[in-house]
Amino acid sequence: MIPATSWFTPKRLLATFCMINMLNYLDRGAIASNGVNGSRGSCTEGGTCTSGTGIQGEFNLNDFEDGVLSSAFMVGLLVASPIFATLAKRYVNPFRLIGVGLSVWTLATLCCGFSFNFWSISVCRMMLGVGEASFISLAAPFIDDNAPAAQKTAWLGIFCMCIPSGYALGYVYGGLVGSYFGWRYAFWAESLLMLPFAISGFCMKPLQLKGIAPADSKKALAPETVLSGVQVTDPSNGDESLALIKEEFRDRSSNDCSKSKSATKGFDQFSRIFKDMKVLLLNKVYVVSVLGYAAYNFVLGAYAYWGPKAVYNIYKMNDADLIFGGITIVCGIVGTIAGGFVLDFMTNTLSNAFKLLSITTFLGAALCFGAFLCRSMYGFLALFCIGELLVFATQGPVNFVCLHCVEPSMRPLSMAMGIVTIHVFGDVPSSPLVGVLEDSINNWRVTSLILTAILFPAAGIWFIGIFLHSVDRFEEDSEHEVSNVQRSNTMPLLQEKTSESSAFPAQSQEC
């Protein structure tokens, strides 16, 4: 159990995780900004050539390679997310895993600034994804545990608000730092900013997640069994040679048994993972939620990476980074927080979440589509602002569904596999595919309209979720091995802070 004197309170936990999330997405926005990403060098028909700028100019990347670079970190994210989720459930304290991940992120970002070609920076971006995986899988369940019951979606909305605002700040940050100091300094500064959070992951007293037993309790639940099949004769009471033979036989049997146990344990671990995966795949509410999120993320991922460049080319905005970033900051903050509060006002149920997801996504898609049809820059800005406001209102509700349609101990894996799915079918392919499409048709307006139209299927998928039988499983005991002692250990911060008197019995239970 977390002591009553712990520095962490629910609000401090939320604030800390929001700052970390902001830095994660600031990095994504920075690498997409014109200041960091830059442009290739070009030559006119008269033979006049201009040098390129940023990463694209220094490494002479085409649009496809540029799009791949934006998605490179997803490779590490996709591979590592399920691994961190499994480690959190079975072996390692989830809070310590966040510290490990943030340390990897800090080192990888530092190395990005020292990259010397396309492949070197791609590898660094992949390692950055590995570092981010632990935080993305585990942060939302921690927040869900400690948020007030009537404000869970609002708290998730505040946390998710850091996605668009981090992206947008990244555009501004990358544009300014890249222009004045060079793109490498943008990565070095990010690494320095994340370092204190990485260190705190090891220094702070670790927190526990609901439904997951502490690591020391897990070891106590599975003690090593002692082989008792062979009885050893005391040499003083019988034949000494016979005793030695029996002793040797016992040692060999023990070794064989240990190897057999290790193999069986490894098989059991894999079978548990596949069993958990099967549970998720058979959960219709979860599948519908994630499929809609993948289609949604396909569009948002491409918006995030190509948005400033598309707006610059369509409307000839000289300050596309700043304008597009400003729109995303305001609409992202207001829309994401509003979506969470609206669902809490409606009563945060899974059915209501799907209603909000389908309506806001459909209306937002229609307005964004209309924005790219506008010839006037001001008409575009007005419609796109309202459209983004509605589109971002989905962030809190969709994460609420992913967390509450599964048992508590399944939440890290639910978040991890949701992340894998929305990236594999969402923003990982979208950035390079949009790059290929634009290389083919060479018309950013048409490319943007085709991309925006994909939001309509996302709204349709979430509309199906309204009619599915859904049960909120947050209060279910999903781990049979979680005893009363372990439940006291995993008590959320909010419950713990409510009364000091309830803390003392729990402490006596632990002793």
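**Close-up views of a predicted model**

**View 1. The largest nonpolar core and the residues with the most contacts inside it.** In this predicted model, the largest nonpolar core holds 111 residues, of which F17, F142, F159, Y296, F380 and F384 touch the most other members. Helix 10 (residues 284-315) supplies the largest share of this core, with 20 residues. Apart from this core lies another one, made of 17 residues and including I55, I121, C124 and W183.

**View 2. The surroundings of Y296.** Y296 is one of the residues that touch the most other members of the largest nonpolar core. When residues up to four places away in sequence are not counted, the contacts of Y296 are V391, F392, T394, Q395, L455, A458 and W462.

**View 3. Helix 1 within the structure.** Helix 1 (residues 10-32) has 23 residues, which at 1.5 Å a residue should span 33 Å, and this agrees with the 33 Å that separate its end C-alpha atoms. Because 18 of these 23 residues are buried, helix 1 is largely enclosed by the rest of the structure.

View 4. D27 and R125 meet through their side chains in a salt bridge of 2.7 Å, N to O. This pair links distant parts of the chain, since D27 belongs to helix 1 and R125 to helix 5 (residues 118-146), 98 residues apart. D27 and R125 are both buried. The side chains of E132 and R28 also meet in a salt bridge, at 2.3 Å from N to O. With E132 in helix 5 and R28 in helix 1, the pair ties together parts that lie 104 residues apart in sequence. E132 is buried, with a relative accessible area of 1%, and R28 is buried as well, with a value of 4%.

View 5. Among the 5 salt bridges in the structure is that of D145 with R411, whose closest N and O atoms are 2.8 Å apart. D145 lies in helix 5 and R411 in helix 15 (residues 411-441), so that this pair ties together parts 266 residues apart in sequence. Both D145 and R411 are buried. Through salt bridges that share partners, D144, D145, K152 and R411 are joined into one network.

View 6. V75, V79, I83 and M126 make a nonpolar surface patch of about 330 Å², and helix 3 (residues 63-90) contributes the largest share of the patch, 3 residues. V75 lies in helix 3 and is partly exposed, its relative accessible area being 41%.

Note on methods
Residues are numbered from 1 along each chain as its sequence is written. This is a predicted model: local features need pLDDT of at least 70, side-chain atom pairs count only at pLDDT 80 or more; totals for chains, interfaces and linings use all residues. Side-chain values use heavy atoms; hydrogens and water are left out. A nonpolar core is a set of buried Ala, Val, Leu, Ile, Met, Phe, Trp, Tyr and Cys residues joined through side-chain atoms within 4.5 Å. Buried means under 20% relative accessible area, exposed over 50%, partly exposed in between (1.4 Å probe, protein chains only). Helices (H or I, at least four residues) and strands (E, at least two) are DSSP runs, numbered from the N terminus. Contact means heavy atoms within 4.5 Å. Patches are made of residues with over 30% relative accessible area and no salt bridge: like charges are joined within 9 Å, nonpolar side chains (Val, Leu, Ile, Met, Phe, Trp, Tyr) within 5 Å. Accessible areas come from the Shrake-Rupley method with a 1.4 Å probe; for residues, only the protein chains shown count as cover. A salt bridge is a side-chain nitrogen of Lys or Arg within 4 Å of a carboxyl oxygen of Asp or Glu. The expected span of a helix is 1.5 Å times one less than its number of residues.
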